Number of protein chains: 2
Amino acid sequence: MARVVVDVMLKPEILDPQGQAVQRALPRLGFQGISDVRQGKRFELEVDGPVDEAALARIHDLAESFLANTVIEDFTIRVEEVAEAAK
Amino acid sequence: MARVVVDVMLKPEILDPQGQAVQRALPRLGFQGISDVRQGKRFELEVDGPVDEAALARIHDLAESFLANTVIEDFTIRVEEVAEAAK
């Protein structure tokens with residue numbers, strides 16, 4: 001068992017109204033010094049079996065086809081933790 | 001300038017219908033071997049000035065009070081990248 005994290009963020013050139021709303025609210029709420037906020041999604045996948053190149057390739061396909069809209073979003077994949085005890 | 005990432009995830013004991021919907025769809029879509037999916041939010045904050053302990057303490061307050069609902073969500077904070085050139 002291992003946990004693979006897929007982060008999906010809007011591409012830099014795409015307007016992010018959610019993030020902007022947070023960023024504009026911050027000074028009003030007493031937080032200065034944050035010049036930009038972008039909000040995205042984080043998926044934690046619990047993968048059965050070893051996370052080898054084949055598994056990561058499948059997760060790449062999965063992220064590309066279902067988790068992210070690659071027209072407007074970028075995604076990154078990383079292996080976060082491997083639970084040795086659960087192997 | 002530095003980028004600080006705040007990840008907000010539902011606590012493990014809280015049901016995550018969004019993640020479950022993704023997880024249940026995967027076998028139908030041809031992806032086997034993923035036993036659980038949880039979906040959360042990722043905030044990227046661009047911080048002016050140095051990211052010292054005081055700045056991280058402020059971001060902790062901010063995450064606790066505005067970005068996460070700590071009744072049902074956990075959050076983690078990490079400094080992702082420091083743009084040396086932009087200092």
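**View 1. Strand S1 of chain B and its burial.** Strand S1 (residues 2–10) of chain B is mostly covered, with 8 of its 9 residues buried (buried means under 20% relative accessible area, exposed over 50%, and partly exposed in between, for a 1.4 Å probe and protein chains only). Helices (H or I, at least four residues) and strands (E, at least two) are DSSP runs, numbered from the N terminus. This is a predicted model, in which local features need pLDDT of at least 70 and side-chain atom pairs count only at pLDDT 80 or more, while totals for chains, interfaces and linings use all residues. Residues are numbered from 1 along each chain as its sequence is written, chains are lettered from A and ligands numbered from 1 in the order in which they are written, and side-chain values use heavy atoms, with hydrogens and water left out.

**View 2. Strands S1 and S2 of chain B.** S1(B) runs antiparallel to strand S2 (residues 34–47) of chain B, and 7 bridges join them (two strands pair if DSSP finds at least two bridges between them). B:Val6 stands opposite B:Phe43 in S2(B).

**View 3. The aromatic pair of A:Phe31 and B:Phe66.** The whole structure holds 2 aromatic pairs over all chains (rings of Phe, Tyr and Trp, the last by its six-membered ring, pair if their centres lie within 6.5 Å; planes under 30 degrees apart count as stacked, over 60 as edge-to-face and the rest as tilted). A:Phe31 and B:Phe66 form an edge-to-face pair, 5.6 Å centre to centre with 85° between the planes. This pair crosses between chains, from the loop between helix H1 (17–28) and strand S2 (34–47) of chain A to helix H2 (residues 53–67) of chain B. A:Phe31 is buried at 12% relative accessible area, whereas B:Phe66 is partly exposed at 38%.
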